[in-house]
Amino acid sequence: MSNIIIRNIPNSITCLNIASGVMAIICALRGETEMWGMEAYNWAYIFIGIAAVMDFLDGFAARLLHAYSDMGKELDSLCDCVSFGVAPAMILFSTLEQYGNPQWISWAALIIPVFGALRLAKFNIDTRQTSSFIGLPIPANAIFWIGYTALCHQQAGSLCEWWFVLPVLLLESWLMLSPLPLFSLKFKTWGWKGNGFRWVLIAAAVVLVAFAGVPGLMWLIITYLILGLFALIKN
């Protein structure tokens with residue numbers, strides 16, 4: 001009985017991932033409506049953040065408890081598609097509607113979960129992506145859109161216009177399926193050797209969020225892509 005409980009701890013954490021993702025979707029569709037003392041879209045950001053923490057903890061728990069399973073792998077991908085595909089798409093959808101864009105550009109946000117699902121399916125069958133990534137990971141794509149939409153809410157302007165959003169949307173979606181190799185944040189040792197780009201990215205996250213707030217997350221993912229290119233050139 002105890003073995004069954006232990007084996008299902010990672011899957012239980014994964015289910016908290018999708019529950020948080022669904023909450024993010026609900027909050028995203030309420031836009032700037034006040035909810036629990038804040039505008040609802042801010043809660044959407046928080047719930048995606050909680051989903052990301054659960055996404056990390058389920059893998060950590062699986063390694064710690066030696067509770068790997070094929071079901072866990074598939075469940076993780078299904079939850080990620082909701083939390084990091086559908087949820088950021090709904091945030092973008094709601095944001096674009098608020099700034100008087102043509103209706104079709106709001107619906108174009110649905111490209112995010114479509115390419116996200118393709119990304120996850122590709123990842124699950126690609127044996128080369130055990131310690132690094134090929135293409136932008138779907139959680140990183142979600143983080144980008146959190147930063148982007150937060151900047152839209154702060155500054156509006158051309159950043160929220162369809163002619164600016166559409167190329168960014170297409171580029172970000174393509175990056176998830178691109179052949180661009182990117183490092184992961186999995187540390188085998190804690191030293192600088194072999195982890196230089198990881199430590200730089202972590203330092204950049206602290207600085208960007210400290211100085212730019214939530215919009216700094218958009219610049220963080222751009223920094224990640226640039227560091228990935230540097231790592232590719234170096235190797």
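Rings of Phe, Tyr and Trp (for Trp, its six-membered ring) count as a pair if their centres lie within 6.5 Å, and such a pair is called stacked with planes under 30 degrees apart, edge-to-face over 60 and tilted for the rest. By this rule the structure has 16 aromatic pairs. The structure is a predicted model, in which local features need pLDDT of at least 70 and side-chain atom pairs count only at pLDDT 80 or more, while totals for chains, interfaces and linings use all residues. Residues are numbered from 1 along each chain as its sequence is written, and side-chain values use heavy atoms, with hydrogens and water left out.

**Aromatic rings**

W145 and Y148 form an edge-to-face pair, with 5.2 Å from centre to centre and 65° between the planes. Both residues lie in helix α6 (residues 138-155), 3 residues apart, which is about one turn of the helix; helices here are DSSP runs (H or I, at least four residues), strands are runs of E with at least two, and the numbering starts from the N terminus. W145 and Y148 are both buried, where buried means under 20% relative accessible area, exposed over 50% and partly exposed in between, for a 1.4 Å probe and protein chains only.

The pair of F187 and W199 is tilted, because the ring centres are 5.0 Å apart and the planes stand at 50°. F187 lies in the loop between β4 (181-183) and α8, and W199 lies in helix α8, so this pair ties together parts that are 12 residues apart in sequence. W199 has 31% relative accessibility and therefore counts as partly exposed.

**Packed helices**

In the table, axes are lines fitted to C-alpha atoms over the stretch in contact, and angles run from 0 to 180 degrees between N-to-C directions.

| Helices | Angle | Axis distance |
|---|---|---|
| α8 (residues 196-212) and α9 (residues 216-234) | about 160° | 9 Å apart |
| α2 (residues 40-65) and α3 (residues 70-98) | roughly 160° | within 11 Å |

Because angles over 145 degrees count as roughly antiparallel (under 35 roughly parallel, 65 to 115 roughly perpendicular, the rest oblique), α2 is roughly antiparallel to α3. The contact (heavy atoms within 4.5 Å) involves residues including A44, Y45 and I48 of α2 and F84, A87 and I91 of α3. By class, this contact of α2 with α3 has 9 nonpolar, 1 polar and 4 charged residues, where Ala, Val, Leu, Ile, Met, Phe, Trp, Tyr, Cys and Pro count as nonpolar, Asp, Glu, Lys and Arg as charged, and the others, Gly among them, as polar.

Helices α8 and α9 are likewise roughly antiparallel to each other. Their contact includes F197, V200 and L201 of α8 and L217, W219 and L220 of α9, and by class it has 15 nonpolar, 2 polar and 1 charged residues.
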